[in-house]
Amino acid sequence: MNDETGSLSPAAARPQAPWWLRALGALAEPWLKIRRDPPDPRAGIDPAVPVCYVIERYGLSDTLILEQACREAGLPEPLRPFDIVGLSKQRAMFALSRRDGWLLQKPRSKTHSATLAQLLDTVRVHADVDVQLVPVAIFVGRAPERESSWFRALFEENWGVVGRFRRLLALLLNGRNTIVHFAAPVSLRAVIANERDAPNTLRKVSRVLRVHFQRQRAVVVGPDLSHRRTMIDAVVNAAPVQTAIAATASKENIDKDAALAKARAMAWEIAADQSHPFVRSVSSMLTGLWDKIYSGVRMHHFDKLRAIAPGHEVVYVPCHRSHIDYLLLSYLLYKNGVAVPHIAAGVNLNLPVLGSFLRRGGAFFMRRSFSDPLYSTVFREYMSQLFARGVSIEYFVEGGRSRTGRTLAPRGGLLSMTLRSFLRESQRPVVFQPVYIGYERIMEGDSYVGELSGKPKEKESWFQLLRALGKLRENYGQVAVNFGEPIFLTPLLDGVDANWREATTDPDAKPVWLKPAVDTLAERIVVNINRAVDVNPVNLLALALLATPKHAMAEADLLAQIDLTRDLITALPYSDRLTITGLSAAEIIAYGEKMQAITRIKHPLGDVLASEGKAAVLLSYFRNNVLHVIATAAWVACCFLNNRGMKREQILRLGRVVYPFVQAELFLPWGEDEFNSRVEKTIDFFVARGLLKADEQNESVQREPGQSDGAFRLRVIAQSLLQTIERYYIAIAALVRNGPNTLTAGELENLCTLTAQRLSLLQELNAPEFFDKALFRGFIQKLRERRVIWPDAEGKLEFHADLESIVRDAKLILSREIRHGILKLTPERRNALAAGDDNKAG
């Protein structure tokens, strides 16, 4: 095929663009720095088939940008003449819309491009002709990893159709921050092959192109947001809110205008006021902040999110460890060319000035309680309006920040609202994007230690915020942001109830499948958050040091333990989204000293590394981040704490008893058979490393003698799960000791918490989560789900005979000293109630 066709043939004697366009291009080039997406857009383009580019809006600046981007990428240049059999055009490009005139610049009102119609007609008439149509989206002032001032931000890319002068300013100010997105080529021959009638084909191709450009703009810039007042009017005037207003007026005996004003005030309290220029300006400031307080921010698997975002309603569901989470995720999305989501934030952050600041960044505020029917209806309608406008959303399914470092049990309130909004308003498929955020040090560390020790949570205030500014002088290591496996809502609903599409759009209706769907979705989210874990140096140090009684270890032992743990995680990866530090064991220790997570104690016979006092409590936070990663190995190691040898089948049998409870607590991703397989592989790993030895039949395994290095390594790994097993034993011992039909679930929970608190004091455990009431509540709930225990008519707990067999099995895992200590400390109900009354009186 000759060069005039616009193919990828070598540039021999190709016709050139008009001299005046080439001159303008040379003038514009110093002002342009283009980032192509994808970096090499030639993939998928057939070099033997002519190429014609299509852009969203015609403009001289966009034309020059496209020309330069194609030239830099080695693609056919769009400003050369385009000649194919039956058609000649001055350029190998066209726009879906363009402006007329120089003064009164209004876009042409048309449903399609004349050039597109001509191309389709030509391909239809000439059977041997094909054309590759390449849609190209151009965004000036929106390139990632570029800084700009607030003034430049005023001229960044948005949804408005701007005039030539404003576009010129945008090019001069932001031209070096430009994204050019090349879509996959579309064969017009393939389009013609599937057509039914010519006019319909033209309309269909035009519509598909318009939707494509809208989706790309929504991903890069964000949705086309109406003014905040318009959004609030839409919320207040919605039928469900009007019904709730009438009900409130009747219930509270006030006139409808007063109830309407109340609803409007609630909407103003809730609604975000996101500003794209504001977001861009703040992103510049945050870059300096991150550089000051962090050694680096690492992001993994973002490419997978970028691939699915176009055409989907994205709901970001990160874990919640720090107030920094809000800013960090939005910043990374924006700097990498994805629109900043609207973020659900607690109304406690709606402080004077700060609240307005957060709203402009996309925050919308929610109260802790939805007991007011009017407020609940207004908030639900606001969520529906966001969905109707195609706005991406972010919220934390854990409800609040994790004070222990564990992923908390999910709450279904916002998920339920999301599903109901999807049924009512969503025009696009919904995908939930779990995100794991891993820190090496957190700003709130001191307050977390205080809260876990019994101090009341400090209320957010400007005083607290100003006090936190002093911490910005410190270094907090590195942060990892890992994007987990996305969860597509439609397939999930299909799996819950194949008839979910028949559900009513009534906003107050709750289909029977809604709760199972919310529960399934919530569990899937936290499981996928954990699967995207990042194992950093502080995590590895915590796993090793906190497993020893004095939280200290000889340097040689610590080096060996870190190597073992990292090799274990690498050999038996928790998931394909897990990431782990590339530092060596010696570098990890040096890094821990630099971060002041551990201290070195010099000694002539060899240095000792330790973590003491508050530092050890803080270190437990980072151990808890990754407990789930080594849970299987810790279980296998637990089996050898009090046993020199065991049969494989016995390890698997005990694992089947314990696993449902550990799975529910740590949100492990495997079914029972998968867990058994993982246990087998873990045993094989320990055998290969010489920590266990198998018999000739490979039916039994045994560890080395108690004082050997191998036995010590196993004990360290086992300690990660041992406190969990001890907590389970506390609950079961309390039930058995008090007998059936004696304790309610609430009384059992309180009894367990008191016992664990006292045991923690006696054993000097630096692990506040050991007596976390929520963990006991979850275990008791799991016992009820599995029908091991159940309430009688008066709410007292009965239990199955299997519970006593579990107590007998505990002898294989827990030492006699631990079991007797727990039994001795476990009070009967009447004594616990008396102790509780004494505490209240004191």
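A crossing is left-handed if the near helix is turned anticlockwise from the far one by less than a right angle, and right-handed if clockwise. This is a predicted model, in which local features need pLDDT of at least 70, side-chain atom pairs count only at pLDDT 80 or more, and totals for chains, interfaces and linings use all residues. Residues are numbered from 1 along each chain as its sequence is written, and side-chain values use heavy atoms, without hydrogens and water.

Q: Which handedness does the crossing of α3 and α7 have?
A: Helices are DSSP runs of H or I with at least four residues, numbered from the N terminus. Helix α3 spans residues 114–125 and helix α7 residues 198–220, and their axes lie 10 Å apart. Their crossing is right-handed.

Q: How are α3 and α7 oriented to each other?
A: The two helices pack at an angle of about 130°, taken between N-to-C directions on a scale from 0 to 180 degrees, with axes fitted to C-alpha atoms over the stretch in contact. Angles under 35 degrees count as roughly parallel, over 145 as roughly antiparallel, 65 to 115 as roughly perpendicular and the rest as oblique. The orientation of α3 and α7 is therefore oblique.

Q: Is C70 buried or exposed?
A: Buried means under 20% relative accessible area and exposed over 50%, with partly exposed in between, for a 1.4 Å probe and protein chains only. The relative accessible area of C70 is 0%, so C70 is buried.

Q: How many disulfides are counted?
A: A disulfide is a pair of cysteine sulfur atoms within 2.5 Å. By this rule, the number of disulfides is 0.
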